[in-house]
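Okay everyone, thanks for coming. Today I'd like to walk you through the links between side chains in one structure, so let's get it up on the screen.

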Amino acid sequence: MPATGRTVSAAVLLIVGAGLALLAVLVHYGFMAMYGDVTGSAFEGLTWGLAAGPSGLALGVVLVVALIGLMLSTKLWMRLTAAAIPAFMLLGMFVVTPLALGQKMANQFVSAPQCVTQGTDEPMATADREAQQVFDSIEHIGQFKGGGMNGVAGCTRWFVLPGGVDVLQHYRAALPAAGWEVVADDGRHMRAHLDGWAFDVTPCPGGGVIWAGSEDERSYGQGRPEFAGTEVCPHDL
């Protein structure tokens, strides 16, 4: 291939590679904003996104295009550009990862547990309001998922929390301060009672789970057929 033809072909490939790299960064942002782990660091998020999401495939495509462009390049600046495209693509993914996780946090999590939902029929609506009163009486930590398990047996909500925070230690102080009596604390979960109501908290990897209901009920609805097989700590908070 003549030098001019090689130069034109290389230039076209570099433009295509740059466009694909930009598109890959945008796809990575959308994937992390939907499925990313909000408790992880930007580097952990990038690594996970490359391994589990479309970002890894996109990186492979961009690398192939950049490599072909590098082989066809006849000028130094074109070779440097071909080498820089994948590097800037990875840098862009790294930069947008915390932004995407922040968007997920804002869209999918709330700062306090919410049990009451509109349009719920009785008697579940009454149980939800009572569980909400229990939750509102206690100071919480973490960011809570909008959904969970609701029923006359109580309300369960999951929360995420960065590593290094002792969930049980927080509630060991918060529950007595709110007037609750701790009736169980075995290092794996804690249960407290107040005026016929019960509150339970269990740490999970990346966060934890709380439950509120009658003190006559078992925490998280365990023992009830409708909750059979339900995990207290899900694999993905």
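**Salt bridges and disulfides**

So, let's start with Asp185 and Arg172, whose side chains meet in a salt bridge, 2.7 Å from N to O. Asp185 sits in strand E4 and Arg172 in helix H6, so this pair ties together parts that are 13 residues apart in sequence. Just to be clear, what you're looking at is a predicted model. On accessibility, Asp185 is partly exposed at 36%, and Arg172 is partly exposed too, at 31%.

How many salt bridges does the structure hold? It holds 2. The other pair is Asp186 with Arg188, where the closest N and O atoms are 3.3 Å apart. Here Asp186 is partly exposed at 40%, while Arg188 counts as exposed at 61%.

Okay, on to the disulfides. There are 2 of them. Cys115 pairs with Cys155, with the sulfur atoms 1.9 Å apart. That one links distant parts of the chain: Cys115 is in the loop between strand E1 and helix H5, and Cys155 is in strand E3, 40 residues away. Are these two cysteines buried or exposed? Cys115 is buried at 0%, and Cys155 is buried at 0% as well.

Then Cys204 is joined to Cys233, S to S 2.0 Å. Cys204 is in strand E6 and Cys233 in the segment after strand E7, 29 residues apart. Cys204 is buried at 9%, but Cys233 is partly exposed at 24%.

And the handedness? The S-S torsion is about -100° for Cys115 and Cys155, so that disulfide is left-handed. For Cys204 and Cys233 it's about -80°, so that disulfide is left-handed.

Terms used:
Residues numbered from 1 in each chain as written. Predicted model: local features only at pLDDT ≥ 70, side-chain atom pairs only at ≥ 80, totals over all residues. Heavy atoms only, no water. Salt bridge = Lys/Arg side-chain N within 4 Å of Asp/Glu carboxyl O. Helix = DSSP H or I, 4+ residues; strand = E, 2+ residues; numbered from the N terminus. Buried < 20%, exposed > 50% of the residue type's maximum accessible area, 1.4 Å probe, protein only. Disulfide = S-S within 2.5 Å.
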